[in-house]
Amino acid sequence: MDSPDAPSSYSLTLSCPDRPGIVHGVSGALVGVGANITESQQYGSPDTGTFFMRVDLTTGAGLQDLRAALEPVAAEFGMQWSLVEAARRTRTLIMVSKAAHCLNDLLFQHRSGTLAIDIPVIVSNHRDLEGLAAFYGVEFHHIPVTPGTKQDAEDALRALIDRHDIELVVLARYMQILSDGLCEDLRGRAINIHHSFLPSFKGARPYHQAHARGVKLIGATAHYVTAALDEGPIIEQEVIRVDHARTAEQLASIGRELEGRALVQAVQWHAERRVLLDGRRTIVFN
């Protein structure tokens, strides 16, 4: 039995068809290898009949022993499951265009230790934020995108994802549409951020459009990327009430703050393995 000298922490996430005995089976398997459950959350979806569970645990058993203990339970209940060391940091590639606010928030929170991610590379279709990447000491790649070079750009992006063992792609105000094929390949591991006005106020200057219509609520939505543009499963949203006294520029400034906050929170929850997909929805154990 491969046992470290001191207990290690692990995170277990799983989903399966809902039926009696799942929690008992999982906890029994963990007790069998001397694991101590430090946090446990579960949810049964009445819409899809799917059971979701997230468990934090400590144990002196090694990863292989834990997997061996859980595999019979996973097979019995038809689980999709993941078991990783809790301290494992998610390798993240950030994509940006010209707006700096979301990238800056992510890099600052990463440097401060709030985000359990590693950021080996930043990709942009412009060079405007190359200096910001250099300030934080992150490798920057300029990959221009035109209608004629879109496929070449995505090939270069795929190469970077493979080279850096990327687990998560974050579109931090990246103003290009990814191909359907790339969206499918990144299913459940690419996060986008945008204002929450959609489907209203599409296109350029959405906050100015909203101001002209006298909106009373503005916000931001962070969601997983899908081929359906801006319609992926929602992870986090931020909202704030505004009134007639706000100018369009003030609305845009508030919106940038909300976008950064929602995106950082979504990335944090994903990195902590607190987000599970339930069809077009997410289950977030926060």
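How much space lies in the largest cavity? About 90 Å³, in this predicted model.

**View 1. The two cavities of the model.** Two cavities of 30 Å³ or more turn up here. A cavity is a set of points on a 1 Å grid, over the protein atoms alone, where a 1.4 Å probe fits but cannot get out. Points are joined across faces, edges and corners, and a volume is the space filled by probe spheres set on them. Numbering runs from 1 along each chain as its sequence is written. Because the model is predicted, local features need pLDDT of at least 70 and side-chain atom pairs 80 or more, while totals for chains, interfaces and linings use all residues; side-chain values use heavy atoms, without hydrogens and water.

**View 2. Lining of the largest cavity.** Lining residues (an atom within 4 Å of a point) include Met95, Val123, Tyr174 and Gln176. Nine lining residues are nonpolar, one is polar and two are charged (nonpolar: Ala, Val, Leu, Ile, Met, Phe, Trp, Tyr, Cys and Pro; charged: Asp, Glu, Lys and Arg; polar: the others, Gly among them).

**View 3. Lining of the second largest cavity.** This one holds about 30 Å³ of space. Leu12, Leu14, Val26, Leu70, Val73, Ala74, Met79 and Trp81 line it. Strand 1 (8–17) and helix 2 (63–77) each give two or more residues, with helix 2 giving the most, at three. By class, the lining has eight nonpolar residues, no polar and no charged.

Note on methods:
On a 1 Å grid over the protein atoms alone, a cavity is a set of points where a 1.4 Å probe fits but cannot get out, and a pocket is an open set with protein on both sides within 12 Å along at least five of seven lines; lining residues have an atom within 4 Å of a point. Helices (H or I, at least four residues) and strands (E, at least two) are DSSP runs, numbered from the N terminus.
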